[in-house]
Amino acid sequence: MILTVEPSRTGLRGDISPPGDKSISHRALIMASLAQGQSLLSGLLSSEDTLATLRACVQLGASSESVQGGLLVTGTGGKLTPTGNGVLDMGNSGTAMRLLAGVLSGQDFDTTLVGDDSLNSRPMTRIVDPLRLMGADITPSDEGTAPLLIRSCGGLRGINYVSPVASAQIKSCVLLAGLAATGVSSVEEPRLSRDHTERMLPLFGVELVSPRCVRGGSRLMASNFDVPGDISSAVFLLAAAAMVPGSEITIRRVGLNPTRTGFLQCMREMGAQLTVVPLVETPEPVGDVKLVFADRLKGIVVPESRVPDMIDELPLLMALAATGSGMTRIRGAGELRVKESDRIAVMATGLRKMGVNLQEYPDGMDIEGGTITGGSVNSAGDHRCAMSFALLGLRASSEVHIDAAQYIATSYPGFIDDMRAMGASMFTDTGT
Ligand code: S3P
């Protein structure tokens, strides 16, 4: 699908509730499926990625029913039972694959986790290594990627894993595996990655030994859970408003977990006029965010320590920086090369095609703000790159066409509708 975006001549306006948080939705579905009893999950993200997790949970014995107020999930009480041939398709979702690999490594049956071409090329040794230290029988491909064959290993043992990468997927994989292991399992990471798993486990009845340490044999209990809006989706709306003069938008009920808000901090430093109104904090902080266009944003140096708090927002920051003035410097973000695409390479290629001056580095980019030209760019099937390029179309001198834009549905199926509701002119070659 090709998405066409026309330059925006008037300010964007809106009052929008973004879709449910993707990371939290995956975890809510997995925890509710492992729990004893029925959990009512409201505000869940319904996208390609979270549907992959839901389908896998149902294949493993959980059941779900859409009811008024959300999705009612009947958990397995921890006794997973595979149906079908034991092959679970994770689609494009690294979170689904890495978290479920942790859950499945301690089960007394065999499963195979498969993904699409993008997922099958992403590194899995980062979870295979700790799981093997726990005694798991898990085999990736010769390249260390999916498919992952997980065989019954007769029981896991707890470990303290010192992760070389600040990755919530590695951390969550080990902690979820640790629930079925003997002893305690804990994770240390170079910097705190998003901490949704640690915040949510206690809500589902698991008492943590310490913030990143679980006791083997802990049972999950059903819980109702209201998923906040996804800051990683909301930022596209905020960035669009920060690019187009005359814009003013309010985002409602969005998750403001400090391990996810690095992009908002960058926007403020670039000169954006943002107002945050905190609402609740149980167990995830939630609030409303308002942005009023103030001026063209200016370039900044992104502190490396902030990278984990905005890892998914860095392609968007590259795009935003290109529309501003001065240089923006991003380093310490080598992880971007192993996301749904090599996000540094894909963004560099697309931005250059739109006339942006930049310098690519192994772990980041220097982007010079300036004029954006129109044209055709390839999103490489990466949802966040596709949406980032789409925003550039609002500021370009002529139309921008984005290839493989159907992948936007990976995380934000309503993106085009929400942008149109704000006044953006976007249309697809499939008429949607
Ligand atoms: C996620 C963690 C991040 C992020 C991904 C979702 C999660 O990956 O990029 O989109 O839900 O745990 P890493 O943990 O590998 O950094």
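Modeller: This is a predicted model. Let us begin with polar contacts, which are pairs of N or O atoms within 3.5 Å. Here a polar side-chain atom of D312 is placed 2.6 Å from an oxygen atom of the ligand. For S23, a polar side-chain atom and a ligand oxygen atom are 2.7 Å apart. A168 contributes through its backbone, where a polar atom is 2.7 Å from an oxygen atom of the ligand.

Biologist: How much of the area that the ligand exposes when taken alone does the protein bury?

Modeller: The ligand taken alone exposes 380 Å², and the protein buries 96% of that. The space that the ligand takes is the largest pocket.

Biologist: Which elements give two or more residues to the shell around the ligand?

Modeller: They are α1 (22-34) and α5 (168-178). The residues surrounding the ligand include R27, T95, Q169, R194 and K339.

Biologist: From which domains does the shell around the ligand draw at least three residues?

Modeller: Domain 1 (3-20 + 229-428) and domain 2 (22-226) each supply at least three residues to the shell.

Biologist: Let us turn to the backbone. Which peptide bonds are cis?

Modeller: The general idea comes first: most peptide bonds are trans, and most residues other than glycine have a negative phi. In this model, a cis peptide bond links A146 to P147, with omega about 5°. P147 belongs to the loop between β8 (137-139) and β9 (148-151). Another cis bond runs from T282 to P283, with omega near -10°. The loop that holds P283 lies between β17 (273-281) and β18 (285-292).

Definitions and conventions:
Residues numbered from 1 in each chain as written. Predicted model: local features only at pLDDT ≥ 70, side-chain atom pairs only at ≥ 80, totals over all residues. Heavy atoms only, no water. Near = heavy atom within 4 Å. Polar contact = N/O pair within 3.5 Å; in protein donor to acceptor, adjacent residues only side chain to side chain. Areas by Shrake-Rupley, 256 points an atom, 1.4 Å probe, with all protein chains shown as cover. 1 Å grid on protein atoms, 1.4 Å probe; cavity = no way out; pocket = protein on both sides within 12 Å on 5 of 7 lines; lining within 4 Å. Sits in = over half its atoms within 2 Å of the grid points. Helix = DSSP H or I, 4+ residues; strand = E, 2+ residues; numbered from the N terminus. Domains from an automatic or database assignment.
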